[in-house]
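Okay, thanks for making time for this one.

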Amino acid sequence: VQLQASGGGLVQPGGSLGLSCAASGSIFSINDMGWYRQAPGKQRELVANITPGGYTNYADSLKGRFTISRDGAKNTVYLQMNSLQPEDTAVYYCRALIMTSAGGNWRAYWGEGTQVTVSS
């Protein structure tokens with residue numbers, strides 16, 4: 001199983017950026033999908049996650065600026081980031097709980113991370 005994230009880059013303060021992360025490989029079922037981020041010198045933190053039914057959960061500080069969504073048919077999770085600020089600069093990682101065979105265990109898989117830099 002692989003999670004491939006894309007969409008990071010450099011954006012000016014106040015700008016927007018969209019991330020996507022596609023899961024591929026031997027997948028029987030996907031449970032929660034989410035995004036985390038890690039800024040230099042800081043611990044990795046939750047950005048948002050989304051259940052298969054579309055229930056979302058956000059870090060309190062990001063509500064209203066970030067939107068998570070998913071496409072079940074494409075095994076893909078998205079993150080739309082608006083009104084970006086320098087403090088949003090971090091490596092963004094996607095994560096998914098995946099079952100690889102019927103009756104198997106759920107296991108967390110992580111993408112490699114994509115850099116988001118907010119700077120003028």
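Let's start at a ring: the charged end of Arg-44 sits over the ring of Trp-110, 4.7 Å from its centre. By "sits over" I mean that NZ of Lys or CZ of Arg is within 6 Å of the ring centre and within 35 degrees of the ring normal. Arg-44 has another ring under its charged end, that of Tyr-93, with 3.7 Å to the centre.

Quick housekeeping. This is a predicted model, so local features need pLDDT of at least 70 and side-chain atom pairs count only at pLDDT 80 or more, while totals for chains, interfaces and linings use all residues. Residues are numbered from 1 along each chain as its sequence is written, and side-chain values use heavy atoms, with hydrogens and water left out.

Now, salt bridges. How many does a search of the whole structure find? It finds four, taking a salt bridge as a side-chain nitrogen of Lys or Arg within 4 Å of a carboxyl oxygen of Asp or Glu. Keep an eye on Arg-37. Its side chain meets that of Glu-45 at 2.7 Å, N to O, and it also bridges to Asp-88, where the closest N and O atoms are 3.0 Å apart. That Arg-37 to Asp-88 pair links distant parts of the chain: Arg-37 is in strand β4 (residues 29–38), Asp-88 is in the loop between β8 (76–81) and β9, and they are 51 residues apart. Strands here are DSSP runs of E, at least two residues, numbered from the N terminus.

Buried or exposed, what is Arg-37? Buried, because its relative accessibility is 8%; the cut-offs are under 20% relative accessible area for buried, over 50% for exposed, and partly exposed in between, with a 1.4 Å probe and protein chains only. Asp-88 is buried as well. Glu-45 comes in at 37%, so that one counts as partly exposed. Zooming out, Arg-37, Glu-45, Arg-65 and Asp-88 are linked in a network of salt bridges. There's also a bridge between Asp-60 and Lys-63, at 3.4 Å N to O, and both of those residues are exposed.

Next, the disulfide, meaning a pair of cysteine sulfur atoms within 2.5 Å. The count is one: Cys-21 with Cys-94, the sulfurs 2.0 Å apart. The S-S torsion of Cys-21 and Cys-94 is about 55°, which means it's right-handed. Both cysteines, Cys-21 and Cys-94, are buried.

Four strands make an open, antiparallel sheet, in the order β1-β3-β8-β7. β1 (2–6) and β7 (66–71) are the edge strands, each pairing on one side only. Two strands pair, by the way, if DSSP finds at least two bridges between them.

Going across, β1 and β3 are joined by five bridges, with Gln-2 partnered by Ser-24 in β3. Then β3 and β8 share six, and there Gly-18 has Gln-80 in β8 as its bridge partner. β7 and β8 also have six bridges, one place to look being Arg-70 and its partner Val-77 in β8. β7 and β8 form a hairpin with four residues between them, and Asn-75 in the turn has a positive phi of about 50°. Okay, that's my tour.
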